[in-house]
Structures are given as C-alpha cells and as structure tokens.
Amino acid sequence: MERTLVVVESPAKAKTIKKYLGSGFEVKASIGHIKDLPQKELGVTVHEGFAPQYRVIEGKEKIVKELSTAAKNADKVLLATDPDREGEAIAWHIREELKKPPEKVFRVLFNELTEKTIKEAVAHPLRLDENKYNAQQARRILDRIVGYQLSPLLWDKVQYGLSAGRVQSVALRLIVDRQNAIDTFVPQEFWSLTVLLEAMDPPPFEAKLVEKDGTKIEVPDTATASALVKEAQDAEFIVKEVKRRERTRKPAPPFITSTLQQEASRKLRFSGSRTMRIAQQLYEGIELGNQGAVGLITYMRTDSPRISAEALSAVRDFIQQKYGRKYLPDRPHEYKGRKTAQEAHEAIRPTSMELSPEKVAKFLDKAQLALYTLIWNRFVASQTAGAVFDMTTANIQAGRLLFRVTGSIMKFDGFTKIYSQDKEEDQASSNGDKDDADRLLPSLRPGDKLQLRRVLPRQHFTQPPPAFNEASLIKELEEQGIGRPSTYAETVSTIQKRKYVELQDKKFSPTLLGRIIARLLVDSFPDLVNTKFTAQMESSLDLIEEGSASWKETLTSFYGPFETDLNTAKKNMKNIKREGIPTREVCPECGEPLLVRSGRYGLFIGCSAYPACGYTGKIATEAVATKEPVPTDEKCPECGAPMVMREGRTGQFLSCSRYPECKTTRPLSMGIKCPKCKEGELAQRKTKKGKIFYSCSRYPDCDFSLWNKPVDIRCPNEACSSPIMEEKISKKEGKFYQCPECKAKVAGQ
C-alpha cells in the first residue's frame, strides 16, 4: 500500500483531515512556520540580490526532525498548508527541509475542511506555486528591511526599544492625521428649517426647506433663519409635485476578511485579532460529538465574495424550504470583489447548510457560536430576496420657498428577516434629520392646500470627522489598498502593543509617542508612509504572484529611494533625545522654556537650560507637543490658503496649509519691530541644541538677537532709548521685565 504523508500547520486541522483519509495516510502538523529570517540580524543581502538567509526557527528543530523521518518512510508528501501566500511559504520551507525528490512532493489546497473537498484535493494534487512563494518572500524581505533599518534610527533619535513597520506606520499615520483633523476642526454654524403641516387626512408631518427661488438653499446664521421663518409664516403651502416609486434594497455580500472583522467589531465587540482567532477554530474543525472534528466555515483569509456553484445551490434550496418561495430571488445575487481580489478563493461561508447554528450550538462556546451565527446569517441573507419599500416624495411650494418630505414604508421584509444591515455609526447624519424609513404620510395630491401648524428652525454645527474605531480603520485600510486580508488584524494589534495608539471608548487615539513617530516618519520617509505608495507596493506584490513582475526588481526599485531617505534621516531627522520638543510652559525653577524629552523610561518634561538646570517633570497633557500644524487667521500671500504654524529645526514658523503644493513660508513674527534695523520684526528661533532665542526676521542682514522673550514695553529709564524689554522669571523675584540695554527692571504682570 502506498504511504502518503500530509503536512498541515495545526494539530486541529490535522485531526479534521485525518478523519476523512484512509489508513495509508499519516497527517502531521508543522505548528506554523518552521523557517524564518534570523531574529538578531537583518538576514538579507540587500546589495547582493536580496538573498534571504532563512534558518530553522529556534525550538522547531524537533518538529523538522519528526517531519523528515516521516517523509523518509512515505512514498509521497502532500503539503496541505493554508491556501494563501503564508501557507505557500510554509509549504516551500517544509519541502526544502524534507529533502525529498521534487517529483515526490505535491501541494494540495483546501478552501474548506469537508470530506468531499479534502478527498478531491488529495486526488488531484498540484505543484508548489513559485510565484505565490516569491510574493510572500518579497513582502517578508520588505518588512524586514523597513523594520531592521528604521528601528535603530528611532532608538538613536527618540528612545531605545522602539520599532517601525511598513504597513503599521501607514496605519499610524491615518490615525494621527484623523486626530489632527479633529483637533483643528472649527465648527461652522448652519440652520435647517422644517414646517409642521396638516393635509385633509391625518397624520401631520414635517417637511424640510430645500430651495429658494429654484436654487438650493443654505442657511448660515440666525438672521437668515429668522427671515425665512417670517417668510414661511406668511406663505400659502400648496403641494406642487408627488412622486411615488417602489425601491428594492439588495442584501450585502457574504463576508470577506475585512467585512467580517468590521461587522464582528460593530455587532459583537470583538477585536480583529479575536475574530480571526475564532474564525481559525471554526475553519480548522470543531468536535461535533459522534461526527468528530468538522470544519464549519470556509477559509477565513479572503478578499473575494465569490460563492461556488454547489454552495449557491445549497443555500437557495435552504431559503426556499425554510422561508418560502417569495424569499428566493429569481436569479442568484452576484457580487464583485475589488480588482485585486483573489477570485480563486471563496467568500467566508458555512461549509454545510445542514449545520445550522441551532444544531451545533451545544458544541460551541459563546464566542464561537456568536461568530458562526453572524457568518451563517450574512451568507443566507446574501442570497435572499431584497427588501421592498414604497417611497413617496412630495414637493411643497410656499411662495419662493420649496419644502420636501419623503416617506418610506416597508412592503416586503426580504433579507432583513434574517440579517439586519445597520448603518455605520460613522456615517450618521450630522444635522439631526430623522430617518425616512417607516414615516407615514397622508394622502397627498398636486394642488392640495396644506395647513401650517408650526415653523421649526433648528441650529446646527458642522461636526469633525469621527475618530477611527477598529472597524472603520480596517475599512479605510482596505479601501486605500493597504495590506491584505491576512494583515489587517495584526496591523491594528501591533500599533496598540507598541503604545503608539490607544483605545478610548472604542475609538483610536494616538499617544504622544505615536504622534512623534508619525511626524518624524512623514518628514523623513514621505513615500514610506504615503497611502498611495503603499497601495502601489501591494499591487506590485500581486503582480509577482501573477508572474507578471520580478520579486528582485520590485525590491530593487523600493530599496534605492528608501536607502537614500534613510541616509538623509540619519543626518537630519530631529533628535528628540538631544533637542526635545518645545512646550508652551516655562521652567518653574529658572524660567527657561520646558521641553518634551526622551529618556530611558520614556517621555518626560525637562528644562531647555539643562545641564545648568536639571528640572524634570511628568507630562501633564499630550497637547503640549504634538508637532502638528496649528491653524492661524493669516492667509498665504501666494495662493490665499490659510497659513498654519509649524515646528521646524530652527523653531516655529508659518507655512501654507497646502504644503507641499505651495511652499510659502515665513518666520513667526511676534509683532515687535526690531530695535536695531527698525525694518524687520522679532521672531522666535531655536539653536541646533534646542535652546530658544529671538532674532530679527531679516537675519542674516540684521544680526540682532536675544535669549529671553522680548515684550513691547519701552524701557522706563529716560536716559535709555530701548523700545523693548525682556521677560524673565526667577525664584526670588518671580516674573519681571528687564531692559536689554541698561538692565533696568520693572515688575511683571
């Protein structure tokens, strides 16, 4: 009898597969990867063809030996690791270590762990996919290059032990940019105007003002709203037009990795990593009593909504039998994935319509049942008939004003009987309008006169963009083309572990450390943290998998510019350890500006006069030093956009908010004329070591400078002509002003 060795990643998966194979098969688990790049060195010859130096992972020697022994006694080996790039890499490394003739080693792919799928795959083994392996290898080398060459730079400039990742850095930037937008958001007032009307028949209803004199109307302030209220009160309300139509709402597609994580976050409050861990359990096999281990769902790392013909037929039969013919659409719903979706994979769905959540509930724990039920309901609903609504829209004329009301009544519940598609909280309306669903309207006909009962002006303010939660961050990563299904959960988890972001009320907020890291990377590695650049790199990896691009050429095109940026950053990146970051506070001991500094135990507040003054303290608020642009009321003289205050190597300065499109800059003036040249204005600057000083904006034409903050107060000494004084603070005298010329003093205020 022919002896066959089947190798998978996990013992649970091995147990499920073994159940369906005969006595001639031995199934063993590699327990994940068996080889990787070395832990304590780069392990890649970046200037010699990017050759990776893979080694057996420490602690995996025993497993490799067991697999090798089993392979020697087998006539052939089937590598049944997961059907993605990581699984292909594991298979490739196992084949290398087994040292079995290539013609004796095959690849088998299981999208689901059912008897039919397993036996069909074993009966039709494949060859290993070198292109898929090269795509994984290119990603691994990219991530190693970025991590191992950026991390020492951050140790030198910020704090020992920090690290940076290729995809994680982009995710961090998204969170920081969103928080900056929230922090700098200036609410704008606007008003809405609704009227309470009555027709001949009940019920009363509200209609909203949408036009004036045939043009869409905006109501910016109280005065405009008051004038419109008076105009509405004096007008006659007549129904101008009534439109009635039937609208069908189509169900959402079955889950892919990203949407599963998003919905599990919203509906079940699961983190992405927890969702994937439970999904892995459901995929690899659950003990179902006498049935043994059974895989309940298809492979959970996929970006394709495709459904096999067999699964489609099964779910349509299930819908008709359980819910009736009216819930079954005439044609199956079809869903298209992104252009980059791996269409060979299927969506995440139950492996059998015989294994309903009710039937398997007693074999699952609470979390497993919750996630399985979510997957089951979403899949069944995706092939159920759409929900049907009767919609009525009425336009109502009131003199020069046009009001509109929309009512929507559910006529047929369709898929909503099985699965509710909640609106995302981040897309909630910001103006307080009520949802039109299930709004009852009276019978309305063109020409009907309506009775005005009340005019309801409402004041609103525009809202800032919402902070990312885990679901919306994963959605943003997917839409921007950053990362792939297998990386979303790890990316989100990593930036939290590194203390770059934290969850507050289920929303991501960047820490001060995260803000600093993001700003340093944006300044020194603009391509690396650019969403479009990162998405293009993901597309390049897809081309490698398709066999349309060389993995070495792809790495070469990335590494050249990256190495240039790295060398420049080593010289020019701001050194937080030495220079610190200015705060808006002064030292309570000597009066010099306080800085955010970095030390062995993290960030702290320290005096800029160190070592002369050794004052230190804890950071009371992260708002002291975000290094992010601060809005001002000034306009750019070149393009008219708002100017913002930024922090540079020489201190604070003004620049155009449209940078880098517009590169206009100028010193941040204190509004005090230079006492020496009488032409320039005094501006705050900073030495290379981070010490604040003040000098003329016409430098180097004018060399006037001061160490202490100048104030627009003329010296009280009549014999002195100085138009300014310096602000100082001491323990003994507190705050006072001193003339830079004659040293005369006056008490501070």
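Start by selecting glutamate 88 and arginine 107: their side chains meet in a salt bridge, 2.9 Å from N to O (a side-chain nitrogen of Lys or Arg within 4 Å of a carboxyl oxygen of Asp or Glu). The pair links distant parts of the chain, with glutamate 88 in helix α3 (residues 85–98) and arginine 107 in strand β8 (residues 105–107), 19 residues apart. Helices (H or I, at least four residues) and strands (E, at least two) are DSSP runs, numbered from the N terminus. Glutamate 88 is buried at 2% relative accessible area, and arginine 107 counts as buried at 2% too; buried means under 20%, exposed over 50%, and partly exposed in between (1.4 Å probe, protein chains only).

A quick word on what you're looking at: this is a predicted model, where local features need pLDDT of at least 70 and side-chain atom pairs count only at pLDDT 80 or more, while totals for chains, interfaces and linings use all residues. Residues are numbered from 1 along each chain as its sequence is written, and side-chain values use heavy atoms, leaving out hydrogens and water.

Next, pick glutamate 206 and arginine 458, a salt bridge with its closest N and O atoms 3.6 Å apart. Here strand β10 (residues 205–212) holds glutamate 206 and strand β17 (residues 449–461) holds arginine 458, 252 residues apart. Glutamate 206 is partly exposed at 26%, as is arginine 458 at 32%.

Now select Arg85, Arg484, Asp542 and Glu545 together: salt bridges link them in a network. Across the whole structure, a search finds 38 salt bridges.

Last stop: aspartate 527, in the loop between α15 (512–524) and α16 (531–546). Its C-alpha atom is 8.3 Å from that of phenylalanine 562, 35 residues apart along the chain.
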